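Dear colleague,

I am handing over the structure below, and I would be grateful if you could look through it alongside the notes that follow.

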Amino acid sequence: MRSLSLLSRKWGSISTARLNSTLTEAQATPDPHKAALAHPDYFSVHNLFTVKDLFDARVHYGHRDGSLDERMLPYVYGSRLGHIIFDLDKTAEYLRRALNVAAHVAYRDGIILFFLRGAQNSHLVEKTAQECGEFAHTRFWRGGIFTNATKQFGAVTRLPDLCIFFNSQNNVLLQHTAVKDAAKMGIATVGVVDSNCNPNLLTYPVPGNDDSPAAVELYCRLFKAAILRGKERRKADFNE
Amino acid sequence: MLRHLNALVEPSVKYFQANNQWVSVLFTARVEAKTFSTSPQKPEPQLKKNVSKAMKAYLERAKEHDEFMKQQNVEFQIGKRHLANMMGENPDTFSQEDIDNAIQYLFPSGLFEKKARPFMRPPEEVFPQRKAAEFDETGRPYHFLFYTGKPNYYKLMHDIVDHINEAYKFEDTMIRKGIKPDPNLALDMSGFQWIDKESLEAELVETIGDKDYETFSTTMDRLYKLPYSYRSKDFLFKYRKPLMSHEKTYQAPKPQYDADGRAFITTYECLRKRARGHVTIRSPGTGKVTVNNQDLTYFAEVQSREQVSETVLIINNRDVYPFMEELIARPFSKKYDILKKYNMC
């Protein structure tokens with residue numbers, strides 16, 4: 001009784017006849033993507049790598065103790081001879097989550113933008129983006145690309161749906177402006193955070209080494225595989 | 001609003017109906033909107049293809065631009081025919097050159113800057129062309145570097161690095177085999193430089209800054225200096241332009257041969273101030289200078305004599321055989337001003 005009176009107070013009185021008619025209408029059409037979203041690992045990204053692969057790619061190496069960011073402490077296993085070591089079990093968990101997100105975004109035909117600022121590995125990241133049909137930005141970040149996109153590109157532009165940072169810092173070891181800007185524009189972010197990075201603004205941080213070519217190669221390979229799986233599944237599910 | 005209401009009411013009323021009691025039901029703060037339809041449920045899941053706002057805006061602008069260009073084209077064609085009529089020419093065979101001449105005749109302009117003078121050109125040349133759609137109907141860009149703002153420029157840089165990496169890899173394999181790079185095959189770009197900023201901008205259809213151009217220049221140099229850069233010859237040659245020195249572009253006149261078989265060139269109507277004359281240079285010569293069938297003493301003033309003799313010196317220093325010169329000078333004023341000589345190549 002109380003609930004119905006609450007209702008009438010909130011929404012005004014409604015005739016019961018009209019209520020009855022709406023209730024007998026046909027069911028809603030099911031959301032085609034709901035099945036994929038309900039599944040914990042629809043694209044089986046968990047078998048893309050093992051913890052041993054992470055170890056071999058030197059993902060567990062952080063920087064020195066002195067440059068440790070306190071906010072990274074939850075992901076750190078310890079330090080050895082002054083060098084931070086990441087807990088690879090945690091890294092694996094976060095990385096699988098990130099790969100799952102990337103695959104789902106690709107499944108929904110989302111735009112994914114790769115970021116890496118650093119001459120050594122930039123070319124590899126651009127090539128990876130090209131190969132999986134997504135986008136890359138490893139160059140100087142012009143201020144208003146996300147926040148002033150219409151003026152920057154001269155026309156209404158569709159912004160990325162996911163930003164993947166293989167290195168969340170820029171050339172001068174400050175956080176990349178795009179992390180902040182993506183958060184402002186409501187764009188989800190995945191980011192590899194090293195021991196001197198700030199993981200707070202990233203939606204799906206992945207604690208790990210972001211400097212070794214071996215580690216960056218591994219991340220590129222994994223994200224490319226996840227994205228391609230998402231796209232394949234999309235083709236399979238919707239074009240049969 | 002009705003949807004929200006239904007979502008709120010449905011669970012509570014159902015519960016009420018089921019239990020036949022007045023039960024207070026907790027409503028969740030967030031309610032999902034439900035879609036209702038009377039049509040039967042579709043067997044296969046359907047994907048909605050949204051035309052993004054970006055594409056809609058682009059399509060609108062493109063339509064406007066196309067209409068504008070069509071209108072301008074019509075006006076240009078009609079104008080051309082009118083012009084042909086005015087000039088008494090056949091309007092069907094009136095070419096762009098004819099248009100230019102007609103405009104020059106009808107609107108004579110003394111303006112120094114040629115680009116400021118009146119002209120009549122097809123609208124494609126006058127109005128800046130828009131870039132073709134950079135994204136498809138869902139708003140997804142075509143170029144993988146679209147979000148950098150300068151996709152063509154950064155793609156070019158990406159390609160240069162590709163070539164550099166290929167050259168490194170090839171060098172590694174050669175070193176492993178113990179083979180040294182062949183110096184004969186090495187590229188020689190001594191008479192060339194990289195294309196200038198304006199040409200690069202025109203080729204990329206993008207404006208680039210000075211710093212970007214410098215980066216391009218130094219990166220191309222980096223690629224060119226590698227020992228195996230000759231394998232990327234085609235790519236490098238696309239972005240170089242020859243250093244034209246005046247010597248190479250200058251077309252020297254062909255010498256004639258007199259009865260003795262000696263080559264000579266005569267240049268007529270040489271002028272300086274009020275003096276007019278013809279100059280003949282013969283090769284192989286003796287170094288003798290004749291002015292109006294007289295010696296260099298024809299010139300009373302030392303300055304005039306020096307001018308001639310210095311020219312002789314210059315030419316002699318350029319490894320041309322000493323020559324004999326003939327000059328017919330007709331002075332109009334007291335000052336005899338000699339004219340400059342011409343090379344004999």
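**Salt bridges**

B:Arg121 and B:Glu125 are joined by a salt bridge (a side-chain nitrogen of Lys or Arg within 4 Å of a carboxyl oxygen of Asp or Glu), with their closest N and O atoms 3.7 Å apart.

**How the model is to be read**

This is a predicted model, in which local features need pLDDT of at least 70 and side-chain atom pairs count only at pLDDT 80 or more, whereas totals for chains, interfaces and linings use all residues. Residues are numbered from 1 along each chain as its sequence is written, chains are lettered from A and ligands numbered from 1 in the order in which they are written, and side-chain values use heavy atoms, leaving out hydrogens and water.

**Helix H6 of chain B**

In helix H6, residues 197-204 of chain B, the buried residues are B:Lys197, B:Leu200, B:Glu201 and B:Leu204. Seen down the axis of H6(B), these buried residues fall within an arc of 100 degrees (taken from the directions from the helix axis to the C-beta atoms), so they line one face of the helix. The face turned away from the buried side of H6(B) carries the exposed residues B:Glu198 and B:Ala202.

With kind regards

Technical notes
Buried < 20%, exposed > 50% of the residue type's maximum accessible area, 1.4 Å probe, protein only. Helix = DSSP H or I, 4+ residues; strand = E, 2+ residues; numbered from the N terminus.
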